[in-house]
Amino acid sequence: MSRPGNERVSRPGNERALPPSLPDRSAQLWDSQRGEVARSLLTSGVRCFASSGYHATTTRDITAAVGLSPGALYVHFRSKEHLLFEIIRTGHVRSLETLREADAGGDAASCLRSLVARFVAWHAHHHVAARVSQYELGALAPGHYTEILELRRATTDIFRQAVNRGIDEGTFAAIDVHRVVRAMLSLGVDLVRWYRTGGPDSPEQLGDFYAGLALGMVTSAPSNAWKSEVEQVRRVE
């Protein structure tokens, strides 16, 4: 689950909070090898962090939602922060997995379309957990934050390689790869701010639409001046 740039993300304000009744599919994300109680605490953590924010959520809030005492959390997680880390880590790992499962066959355009469609659809399906993963990054301990950055860089690299492949093959225009990849990632990441289940577009419909927008970014020829500037940058690299 990747957000452009490596800067820390500030903790959310009230305008980012989600109502507790919002449909949530985060229970599908957790490793089946985890015990049932641990999985229920992760799901409760997603709901609480999405509704109130990490700092305003107490361990009592998380455990009470699943009928447990506050101390039950520490049986399965070292701290509230560690619970948050497991939520964010799992979200990033799962979104990265869906990219690695994309169809790499065919031409560069079909490969990029598959990547964007899958990335966007995943974030729409799991927009509640993804929202926590994006807006609560700043609450992670330094070591955990660094680990998440590595997953984000891996996601970025997949998109960068796909775009560079199209440029090398002559399928895509000579574009600023860094800026374009950042824009593509934003298509998937930003939708967690506003997407709601039951809206006019299904996750798959949104993925297909955004994939078309992404292809427009790489197939529209830039102006001669911009093209010349980009080519100079690529020669330096």
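Reply: Helices (H or I, at least four residues) and strands (E, at least two) are DSSP runs, numbered from the N terminus. The model is predicted: local features need pLDDT of at least 70, side-chain atom pairs count only at pLDDT 80 or more, and totals for chains, interfaces and linings use all residues. Residues are numbered from 1 along each chain as its sequence is written, and side-chain values use heavy atoms, with hydrogens and water left out.

Me: How many helices and strands does the protein chain have?
Reply: From the N terminus on, the elements run α-α-α-α-α-α-α-α-α-α. The count for the protein chain is 10 helices and 0 strands.

Me: What share of the residues of the protein chain counts as buried?
Reply: Buried means under 20% relative accessible area, exposed over 50%, and partly exposed in between (1.4 Å probe, protein chains only). The protein chain has 237 residues. Of these, the buried share is 49%.

Me: Among contacts between residues at least 6 apart in sequence, what share joins residues at least 24 apart?
Reply: Contact means heavy atoms within 4.5 Å. In the protein chain, the share asked for is 76%.

Me: Which residues does Thr98 contact, leaving aside its neighbours within four places in sequence?
Reply: Thr98 sits in helix α4 (residues 80-100). At 11% relative accessibility, Thr98 counts as buried. Its contacts beyond those neighbours are Arg118 and Trp122.

Me: How many disulfides does the structure hold?
Reply: A disulfide is a pair of cysteine sulfur atoms within 2.5 Å. Cys48 is buried at 14% relative accessible area, and Cys111 is buried at 10%. The number of disulfides is 0.

Me: How far apart in space are Arg196 and His127, C-alpha to C-alpha?
Reply: Arg196 lies in the loop between α8 (177-190) and α9 (203-219). At 30% relative accessibility, Arg196 is partly exposed. Arg196 and His127 are 69 residues apart in sequence, yet their C-alpha distance is 7.9 Å.

Me: What separates Glu97 and Arg94 in helix α4?
Reply: A salt bridge is a side-chain nitrogen of Lys or Arg within 4 Å of a carboxyl oxygen of Asp or Glu. Glu97 and Arg94 form one, with the closest N and O atoms 3.4 Å apart. Glu97 is partly exposed at 32%, as is Arg94 at 22%. They are 3 residues apart in the helix, so the separation is about one helical turn.

Me: What is the N to O distance in the salt bridge of Glu169 and Arg165?
Reply: These two lie 4 residues apart in helix α7 (residues 142-169), so about one helical turn separates them. Glu169 is partly exposed at 46%, and Arg165 at 24%. The N to O distance is 3.0 Å.

Me: Which residues do salt bridges that share partners join into one network?
Reply: The whole structure has 9 salt bridges. Asp176 pairs with Arg179, the closest N and O atoms being 3.7 Å apart. The network formed through shared partners consists of Arg34, Glu86 and Arg89.
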